[in-house]
Amino acid sequence: IKGTVHKEPKLALEQCLRMIQDKTIISRHGNKVKVEVETICLHGDEPTAVNVARHVRKGLEAAGCRIVTIPEMLN
């Protein structure tokens, strides 16, 4: 569905920060939806995936988020 995967690094980071800090997402229809997130999924099959992942990680770390592996989450 068009608009469901952010291919622009800045938009992807904004969405991630909104989910973490405000516990909301903006739907593709512009509605604010409450969410509780534990993980963020990046679509590796997108041509922009590597650039998006690097930008999102850097931005999350700059915002004080700790990036961990799944096994680390379970401890």
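1. Some ground rules to begin with. Residues are numbered from 1 along each chain as its sequence is written, and side-chain values use heavy atoms, with hydrogens and water left out. Because this is a predicted model, local features need pLDDT of at least 70 and side-chain atom pairs count only at pLDDT 80 or more, while totals for chains, interfaces and linings use all residues.

2. Let's start inside. The largest nonpolar core has nine residues, namely Ala 12, Leu 13, Cys 16, Leu 17, Met 19, Val 35, Val 52, Val 56 and Leu 60. A nonpolar core here is a set of buried Ala, Val, Leu, Ile, Met, Phe, Trp, Tyr and Cys residues joined through side-chain atoms within 4.5 Å. Buried means under 20% relative accessible area, exposed over 50%, and partly exposed in between, with a 1.4 Å probe and protein chains only. Helices (H or I, at least four residues) and strands (E, at least two) are DSSP runs, numbered from the N terminus.

3. Two residues are worth a click for their contacts, which means heavy atoms within 4.5 Å. Leaving out residues up to four places away in sequence, Leu 17 touches Asp 22, Leu 60 and Ala 63. Thr 24 sits in strand β1 (residues 24–26) and is buried, at a relative accessible area of 5%. Beyond its neighbours within four places in sequence, Thr 24 is in contact with Arg 18, Met 19, Lys 32, Val 33, Lys 34 and Val 35.

4. Now for Pro 47, in the loop between β2 (32–34) and α2. Is Pro 47 buried or exposed? Pro 47 counts as exposed because its relative accessibility is 81%. From Pro 47 to Thr 69 is 22 residues in sequence and 23 Å in space, C-alpha to C-alpha.

5. On to the pockets. A pocket is an open set of points on a 1 Å grid over the protein atoms alone, where a 1.4 Å probe fits, with protein on both sides within 12 Å along at least five of seven lines; lining residues have an atom within 4 Å of a point. The largest pocket has a volume of about 520 Å³, volume being the space filled by probe spheres set on the points. Of its 17 lining residues, Thr 39, Ile 40, Leu 60, Ile 67 and Val 68 are the closest to its centre. Both α2 and α3 (70–74) give two or more residues to this lining, and the largest share, four residues, comes from α2.

6. The second largest pocket holds about 290 Å³ of space. It is lined by 17 residues, with Val 5, His 6, Cys 41, Leu 42 and His 43 nearest its centre. Here α1 gives the most to the lining, with four residues.

7. Finally, the cysteines. How many disulfides are there? The count comes to zero, a disulfide being a pair of cysteine sulfur atoms within 2.5 Å. Cys 16 is in no disulfide, and the nearest cysteine sulfur, that of Cys 65, is 9.1 Å away. Cys 16 is also buried, with a relative accessible area of 5%.
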